[in-house]
Amino acid sequence: MSLLSRLVLSLSLLAIPIISDQALGAPAGCQHIVTPGGLELGLWYPSTGTVTRQNLGPYEQDCIADGPLTGQHRPLIVISHGTGGSWTSHLDTAAQLAASGYVVVALTEPGDNWRDQSRATDLSGRTRALSAALDYMLSQWPGTAKLDSNRIGAFGFSAGGLTVLLALGAKPDLSRLTPWCAAHPDSFTCMMIAHQKAPINGRLTDLTDQRIRAAVIAAPALGFTMSPQALAGLLQPIQLWQAQNDRILPEPGSVEPVRDASPSHPAIHLVKGAGHFDFLAPCRPGLETPPIGQSAASFDRARFHERFNAALVAFFNETLPASPRSGG
């Protein structure tokens, strides 16, 4: 079995992570829905009610299933997962944000998820789906009247990091793909592109979603396609994260080009000892064998996520501050 096949299989097996102890502050309300347009979404938000344990295949979470959304003028965060993931890939991060007052929506990217990777190179489709998730939340979700449309952030990991960059207004130089893959034919990125029937080429249309005011991006895919011209229009605050031992999207082709090309030159939060998949939620004991469940013996993924999730909350608190009308 090829490396690509093993990784896709692993993503399908561990698409739903677990939180062993609901030590995230206030309990979160949660929903798992499919929109009228066919998007699969997971939602977390401040709520009250009885916490129950949900069995999600071989995984579980503790939350208030379909509980009421409390409060008014809630900020909104949208999450885009990596290749082969799902709405559950960053479940613990979403729950921590919800416990801190945010409404969080995570989508299963159509054509690039644990069930279906047939459109994994459809960068436009991924980004349009992210915007469609925001459309639904701001116009059709029953709690939309309690959302603050002026306080919207995004978190993207791996391919989801690229998706968020495109939504922020990035215009990658895709002519860099051919020479990059000629020099790195065995990289995960180039193997995946070669595996797809629809290669990445040409120019992307403008996919900017002006509603997103701030973003956290971890280990972005195709970072090497980002030039100062590609990111010239990005004026939003950005927080960047990099795993020191990332073998899927290693330096210098992922985070560094984004940092160097961004007008604000955001600092990189380097996670010592971490691998690519350590940005995913901790996996249940006994399910660490596939690649996305593995961490180095010296690396404590659960402890890292305590710091990581707290850092995201702090970043969004700073960049999406409450306005006087929100009462915050």
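Which helices each supply at least two residues of the lining of the largest cavity? I looked this up in a predicted model, where local features need pLDDT of at least 70, side-chain atom pairs count only at pLDDT 80 or more, and totals for chains, interfaces and linings use all residues. Residues are numbered from 1 along each chain as its sequence is written, and side-chain values use heavy atoms, with hydrogens and water left out.

**Entry: cavity**

I found helix 3 (123–139), helix 4 (159–168) and helix 6 (188–195) as the answer; helices are DSSP runs of H or I, at least four residues, numbered from the N terminus. Helix 6 gives the largest share of this lining, 4 residues.

I noted 3 cavities of 30 Å³ or more in the structure (on a 1 Å grid over the protein atoms alone, sets of points where a 1.4 Å probe fits but cannot get out; lining residues have an atom within 4 Å of a point). The largest has a volume of about 140 Å³, the space filled by probe spheres set on the points. Of its 17 lining residues, T83, A159, T189, M192 and A221 are the closest to the centre. I read the lining as 12 nonpolar, 3 polar and 2 charged residues.

**Entry: helix pair**

I then took helix 2 (residues 91–99) and helix 8 (residues 301–319), which pack at about 45 degrees with axes 9 Å apart (axes are lines fitted to C-alpha atoms over the stretch in contact). D92, T93, Q96 and L97 in helix 2 meet H305, F308, N309, L312, V313 and F316 in helix 8 (contact means heavy atoms within 4.5 Å). I counted 5 nonpolar, 4 polar and 1 charged among the residues of this contact.

Terms used. Axes fitted to C-alpha atoms, helices over the stretch in contact; angles between N-to-C directions. Nonpolar A, V, L, I, M, F, W, Y, C, P; charged D, E, K, R; others polar. 1 Å grid on protein atoms, 1.4 Å probe; cavity = no way out; pocket = protein on both sides within 12 Å on 5 of 7 lines; lining within 4 Å.
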